[in-house]
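The questions below ask what makes a given label apply, and each answer sets a computed value beside the rule behind the label.

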Amino acid sequence: MSVNGQVVVANDLHRRYGEGDAAVDALAGVTTAFERDRFTAIMGPSGSGKSTLMHILAGLDKPTSGTVELDGVEITKLDDTKLTELRRDKLGFVFQFFNLIPVLTAEENLVLPLSIAGRKPDREWVDQLVRTVGLEDRRTHRPAELSGGQQQRVAVARALVSKPAVVFADEPTGNLDSKASEDVLRLLRQAVDEFGQTVVMVTHDPVAAAHADRLITLQDGKIVSDAAPGSADEVIELQKRLD
Amino acid sequence: MTSLGLKSLWARKIRALTTTFAVVLGVAFVAGSYVLTDTIFAAFDEIFEESLSGTSVVITAENPVKQENGETPTISASLLPTVQETRGVRLAAGAIFTPGGFFDAQGEKIGNKFAPKFISSTLPDGLEALNYVEGRKPRGPREASIDKGAAESSDLKLGETIELIGQGTARKFRLVGITKLGSASFGGASIAQVTLPVAQRLTHKLHRFDQISVAAAKGVAAETLKRRIARKMPAGVKVETAKENADRASEEIRENLGFLPTFLLVFGFIAVFVGSFLIFNTFSITVAQRISEFGMLRTLGASRRQILSSVMVEAGAIGLIGALLGIAGGFVIAAAIEALFKAFGLELPTTGLQLQSRTVIVGLVVGLLVTLFSSLVPALRSTRVPPIAALHAFNPEPSRRRRLIYLALSVLLAAAGLAMVLIGLFGSGSAGTRAGLMGGGAVAVVFAVSIFSPRLVPPLATVAGWPLERLRHLTGRLARENAQRNPSRTAITAAALMIGLALVAFVTVFAAGLKSTVAQVVDENFAGGLVIQNSDGFSPIPNGAAAAARKVPGVELVATIRGSQAKVIEGGAAGGTVQVNAPTRDVDAAVNIEWKQGGPSALRGLRGDEAIVADDFASSHNLALGDSFQLLTQTRARPRFRVVGEFESKLGVLGSVLVTQPVMAREFAQTQDLFDFVKVEEGADEAKVQALLTVGSERLFPVTEVLNQGELKEERENQIDGLVKLVYALLFFAILISIFGIANTLALSIHERTRELGMLRAIGMSRRQVRTMIRYEAVITALIGAILGMVLGVVFAALIAQPLKDEGFTLSYPIGSLVLLLVFAAAIGVIAAIWPARRASRLDVLQSLQYE
């Protein structure tokens, strides 16, 4: 357990791509922490470093310097095997596209992290998740037989199935219409409020950001704002002001 | 568009490399078969030419019936003075050149077991072809020389003792010289030289020659001399110029070994055939992956023809490069096959490797045609890509109509193929035509199964994947699903392996049948007891062996059998060749004879003008008891025989016709035994008798071996096993290509699934699990190939065994070997997956997720 219920702590993160004159600093010193049971949105214009930050927090990329502590573990020095286990046991992921394995059914996709770990899923928990995402009658359908919104809801349920320390969502609504987006965002909100999950979401959609408890805005690899998001209009206002 | 084709080839180097490699392996095997056999024949030509250097005219006995084994006719030594007196003859000498056996001082066999060994006589200088590289020619009755190859293989030094055996007992000689003939190697064959009188005595050819060699006087043409000599020679003597003789020998060798190029080329074309599946699959996948690229080109105004030519140029380049590398690789393959033959005890003469223009042309044509032909269907598919495919996901799934066409095509092909096989099996026509029909039919059936197999992939993958899913739940499950994801791709990949494994299964089942048949034949023919035979299993043995065996305590009787090939004279002309044997009258005490007409008394009282015939011989020549028939023997004699008995053939040791031994000697010029059958006295210990006989035969007649019934069976079975292993080894090339095929398909499929793999890794799948998943996918693909191949192989073996049933062939199914074949196929999958699995497990998670 980290202090003050902080589940992710990032300390002076730098990430440089390329070398010499062509070098680009995607992150130029980011220090922040994410508390348990909170829904945080990260916004910023293209190239602001928001995706890089999420990848480093989730152990998918390594910082040039700085440290990340995840549920009490310093992850930037871990080898691939340890990182893989960490992702499997402590993290949940929701991506923009291609979240599901096309050859597996909705339910098999849902329990995939447990299957990979060779663990038996908790029936009750799985049933509850299926009910929550509203796919009771779609359990044995394959992804190709589901709508984009349904697929993304399965992906959210999958991210929750192993009761991870943090769920990272990378533009989870980027590919959906507004109705489906609303469903997915409500699900993420529910995960925080009802299941006590911690969610970190990267988005460029002010409406999505408005569902969060906290909004971090990045620009040129630095945090330029960190506050409660307020309404969607307020988020748009904030982004305009920062530009 | 040409440059686009070449550029896209360059852009996908790895894929191009594996495809090229498939062409290279196939072409290399074809080219290698030619290079090796050309080299072998060139070596024989060199040997025949060299062995007649200095000789202008050669005199031998006419031989109208070629013998598979046994003695050949000789000429009388009394002809020599007549030859020597002929005008224009500078020098003439008689010579002996007869098969025998060589042993070192310890009684160890010199040279390879199956390779021919010849006892030859020295010739006067001017006619002698052998060069003495060490020591000198043998002069006295106790001196001999041996060729360099044999001397080296047995580490023989001048002054040491060697033993030579012809038709009598083994004799000891002092080694006084080591010889060499020209630059070609003899392969496993070897020559020992002794003086002429010694050679005649060793081979029981007193006052006889195998050949008279003649050197012409200065200025006398060989042709002229030949005519002069021929005029003075009696009938049955053949006079040839040295060139004619060498040419005839070359031709005979090409006839006798004619099966060898065909045999090897069959394996070469199997490799090419398997390679064509790999090429087809690679191009299909490439075209599928480039659909949006083709769509874009079409939007920009490229015509269908241009798209087609860009794909075909890519194929042509691969075919050309592959063919050129393959022809070069032919030298490596030739050397590899030669080494393989050597390892199996089949050594053949060699000289410098021969590259004939025919080899280059065939290699190029095969490489180019196979590549172009295999890529034609995928290339045509690329032309059907509509411009809209550049913008939308285009689903290249074949339409319902097309799938029905494929189904009809596979049914038609299967029917046509089966019909061809059946006509080949049961129809008339030459053996070559029938073999061609069966081969063509088999190819058609393989095509039919390949076209139909996409429908078989889902159920077979479920069967093959079941144990893996039980064992490794998720990875097994995903592997099975991935194998089923694109059934036609998996099907073609599996079909390539199917071909190789079908042949392996066929050979395995057929060989098991042969072995059980052989065992049955031995059991049915021999009434227990022991058999004395040549240790090579087929050559005759000195007839002193039987006489010596009769003196061994515990031996009740020794029946012997001699034999020769002869032609049946039908309507005045010589027809088919049959095996004529001459047993002793007590042979029925050691060999079971099922009498159909006549009985033991016919055998006991058999006269010189009488014969006992096998039932199949009687029926095919319409002979009943009392009828007579005429044979043409190797000595040009035409004896006539009256049928006095008939026995059941049962593939037995008795052959087709039985005559008396004096007739065999007089009319067929055969005085040596093929087999001696020893009947052990009632109450005597068979093992003890065998030990006594073995000691005696090792000392007196080292070319012989004494076997009991069990050993005889085992020896025959071992011969079949040897051949089967050789065939397995040659099929390995085809299987190797299909391993590349599996690896290539996997690599391309993984490439398509990069993002999916990235996602699996992101949510916690370990590298090891990724490798396992891919390995299992390969194993499932390989097992599908194995199951299809085994079914095909077993069905073909059962079909081909049908007409042989009448001749006593019994089919048996070696379940153990077939299960082993499945394990072998799984191992092939594991090997094929090594590289793709490693590549997949090392994908960078983040890059894979962002991969478009």
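**Labels and their grounds**

His207(B) is found in the loop between H5 and E12 of chain B. This is a predicted model, in which local features need pLDDT of at least 70 and side-chain atom pairs count only at pLDDT 80 or more, while totals for chains, interfaces and linings use all residues. Residues are numbered from 1 along each chain as its sequence is written, and chains are lettered from A and ligands numbered from 1 in the order in which they are written.

Q: Why is His207(B) called exposed?
A: A residue is buried if 20 or more other C-beta atoms lie within 10 Å of its own, exposed if 12 or fewer, and partly exposed in between, with C-beta atoms placed from the backbone. His207(B) has 10 such neighbours and therefore counts as exposed. Its phi is positive, about 60°, although His207(B) is not a glycine.

Q: What makes His204(B) buried, exposed or partly exposed?
A: His204(B) has 17 C-beta neighbours inside 10 Å, so this residue counts as partly exposed. His204(B) lies in the loop between helix H5 (196–202) and strand E12 (208–209) of chain B, and has a positive phi of about 55° without being a glycine.

Q: Which class does Arg838(B) fall into, and why?
A: Arg838(B) has 13 other C-beta atoms within 10 Å and is therefore partly exposed. Arg838(B) belongs to helix H24 (residues 815–841) of chain B, where helices (H or I, at least four residues) and strands (E, at least two) are DSSP runs, numbered from the N terminus.

Q: Why is strand E19 of chain B described as largely enclosed by the rest of the structure?
A: Of the 5 residues of E19(B) (residues 610–614), 4 are buried, so the strand is largely enclosed.

Q: What makes E19(B) and E21(B) a pair?
A: Two strands pair if DSSP finds at least two bridges between them. E19(B) and strand E21 (residues 640–647) of chain B have 5 bridges, in the parallel sense, and Ala614(B) stands opposite Phe647(B) in E21(B). E19(B) is also joined by 2 bridges to strand E22 (residues 657–658) of chain B, and these two run antiparallel; there, Ile612(B) has Leu658(B) as its bridge partner.

Q: Why are H8(B) and H21(B) called roughly parallel?
A: Angles under 35 degrees count as roughly parallel, over 145 as roughly antiparallel, 65 to 115 as roughly perpendicular and the rest as oblique. Helix H8 (residues 259–289) and helix H21 (residues 709–752) of chain B pack at about 5°, with their axes 8 Å apart, and are therefore roughly parallel to each other. Axes are lines fitted to C-alpha atoms, for helices over the stretch in contact, and angles run from 0 to 180 degrees between N-to-C directions.

Q: How many residues of the contact of H8(B) with H21(B) are nonpolar, polar and charged?
A: The residues divide into 14 nonpolar, 8 polar and 1 charged, where Ala, Val, Leu, Ile, Met, Phe, Trp, Tyr, Cys and Pro count as nonpolar, Asp, Glu, Lys and Arg as charged, and the others, Gly among them, as polar.

Q: Why do E2 and E5 of chain A stand at the edges?
A: The open sheet has 4 strands in the order E2-E1-E4-E5 (chain A), with antiparallel pairing. Strand E2 (24–35) and strand E5 (73–74) each have a single partner strand, so one side of each is left without a neighbour in the sheet.
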